[in-house]
Amino acid sequence: MIAAIKPAGSNTRGLLAYLYGPGHHDEHTDPHILAGFAMLGMPDPGRDENATLTQLARHIDEPVRLRNSEFGKKVTDHVWHCPVRAAPEDRHLSDAEWGEIAQRIVEAAGIAPKGDDLACRWIAIRHADDHIHILATTVREDGRRPKLHDSGIRVGDACRRIEADYGLRQLKKGDRTAGRRPTQAEMHKAERLGWEQTSREWLQDRIRAAIPHASSAEDLLAYLEADDVLVKLRRGPSGDLLGYAVGRPGNLNKDGEQIFHPGGKIAPDLTLPKLKARLESSAPEEHPSARRNQPSSPWQQATEALNTLHTHLTDTSTDTSTGDNGGAMAQAQITALGELMQATAQKAPTDLRVQLQLASKAFARAQRSQIWGEDRAAHALRTAARDIANTATGPGGSALAALVAAMVWAAILAGRWHDAKGNAPQADSARQALQHLQAAADSALTPVLIKLEARRPKDENRRTLASDVRAAVPEHADRILTDPGWPALATVLADAEARGHKPHQLLQEAAARRELTTARQPARVLITRIQHTSRNPVRNRRAEAARLRTTTAAGAPVQQNRTAIHVATGSPTDKRQQPHRR
């Protein structure tokens, strides 16, 4: 059951005309009042042919008229409107049941608290089987205004209890992190102008697409301006950025003026402070050898960053209330994962772009929860997303397949983490994104499989590799060896072995990083994982030492050369460490 409180209005008579009218498409049937503040003497144009809408409006607005006549400042935003709709699969509710539901809604909202004889005047009108409209005036009988702060949250909680009491479809409780839904006016305007999205939806997509390209809030807003988004800045006397609002070209008000939306009105995580925290968080200190050991391409760097994600998302026992920031670190990683999805969608081949864009859009809700993310923890993942967004070249087939497969596993972990934290809307968001990611992963891997299967190892080699599979992952061996992707996996293992890797060890490491029980096709999962981890040959220390001997500059100190060679080969450098020769 959904109760959607509308923005305050000023025309009671106009709203009644709509509720008692035929509707936009003649969908209103038998409009009538089924409950209200005082049913005795209530004029109902739906049941009394002598009653008029004007009489009903005056009857409801009487406290407003009395207040406005006594006080200098008139109340104009006094119309409270809340449609309440049952789910399509819910049973038919009688007028009496809808009346009880309406009473509980106005009590929860603060319009008419239980036992309050001086509460606001209200009525509930039914003109369809599946919903009612509650109309009230927000001036009490004693002339005071009702306390409606957080009324939407209280009404939502009341709806969850009503669903349980009346045996209706049970919706999940919200957590105040959802974005605002488009209003009817916004949807009608978009339809009238021939737009596929409302202005706020269009702006949200543009902002999220720009985030991977920016390293600061100023960068982000400059990128938006270059992308034909209208930007209005608010700066302090020192020139510091204090706020921003964005507008869609052509979205004008009735006076022909451009309409701007603050970031926080577009989505809760797009306020300026939150964008600054995300984009401008300082990087953690990096070990001097970190850059040397990084993969060569941004796509491989992103896959490598995702490989460490499971360490943050598999620990769900942390409690942020006790000062442990494990939850904050995990939420930051999930937020950065969404940015990586967005960046990958922008640079992916056309045949994968649609599914990746849908995954990124579905994952947006999972990127924010009531846990505040520790953005420094996600520096590596965010840097990888930024490098992909700003790279000029697209990915190779196997590199893209490995990255999308890693994102599939990351989305699974994100959904599990949100489930464990009780974040139901976010967990649903992750699962929706997972469906699109799996479709993209299948498409990305198909050409890779074709090439691998074309050069499958000989039967004897495959039998040897099958023995490695049974020894390394015995509990999954039967599924792997009967998987249609097994010939391609055998090729990957043979290639890795030719580069000096041990197939048995690679299989164990891959299974440890990504459990195979829930994998739809375990061979495919292992292919992308092992291709990534075995892409470079195993280091040959003796060959490195030989190369060092031949490339050492002539005339360098002999002891320095010996030391370098000993470091390369791993042998002792000090004579005192040498074994005694007899």
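The model is predicted, so local features are given only where pLDDT is at least 70 and side-chain atom pairs count only at pLDDT 80 or more, while totals for chains, interfaces and linings use all residues. Residues are numbered from 1 along each chain as its sequence is written, and side-chain values use heavy atoms, with hydrogens and water left out.

**Helices H10 and H15**

- Helix H10 (residues 298–307) and helix H15 (residues 397–421) have axes that come within 9 Å and cross at roughly 25 degrees; helices here are DSSP runs of H or I with at least four residues, strands are runs of E with at least two, and both are numbered from the N terminus.
- That angle makes H10 roughly parallel to H15, a label that applies to angles under 35 degrees, and the crossing of the two helices is left-handed.
- In H10, Trp 299, Ala 302, Thr 303 and Leu 306 meet a set of H15 residues that includes Leu 400, Leu 403 and Met 407, where contact means heavy atoms within 4.5 Å.
- Sorted by class, the contact of H10 with H15 has ten nonpolar residues, one polar residue and no charged residues.

- Asp 95 is partly exposed at 31% relative accessibility, whereas Arg 126 is buried at 5%; buried means under 20% relative accessible area, exposed over 50%, and partly exposed in between, with a 1.4 Å probe and protein chains only.
- Arg 431 and Asp 419 form a salt bridge with their closest N and O atoms 2.8 Å apart, which joins helix H16 (residues 424–454), holding Arg 431, to helix H15, holding Asp 419, across twelve residues.
- Both partners are partly exposed, Arg 431 with a relative accessible area of 35% and Asp 419 with 42%.

**Another pair and a network**

- Asp 142 and Arg 144 meet through their side chains in a salt bridge of 3.0 Å, N to O; Asp 142 is partly exposed at 33%, and Arg 144 is partly exposed at 47%.
- Arg 208, Asp 269, Arg 278, Glu 339, Arg 368 and Arg 382 are linked in a network of salt bridges.

Definitions and conventions. Axes are lines fitted to C-alpha atoms, for helices over the stretch in contact, and angles run from 0 to 180 degrees between N-to-C directions. Angles under 35 degrees count as roughly parallel, over 145 as roughly antiparallel, 65 to 115 as roughly perpendicular and the rest as oblique. A crossing is left-handed if the near helix is turned anticlockwise from the far one by less than a right angle, and right-handed if clockwise. Ala, Val, Leu, Ile, Met, Phe, Trp, Tyr, Cys and Pro count as nonpolar, Asp, Glu, Lys and Arg as charged, and the others, Gly among them, as polar. A salt bridge is a side-chain nitrogen of Lys or Arg within 4 Å of a carboxyl oxygen of Asp or Glu.
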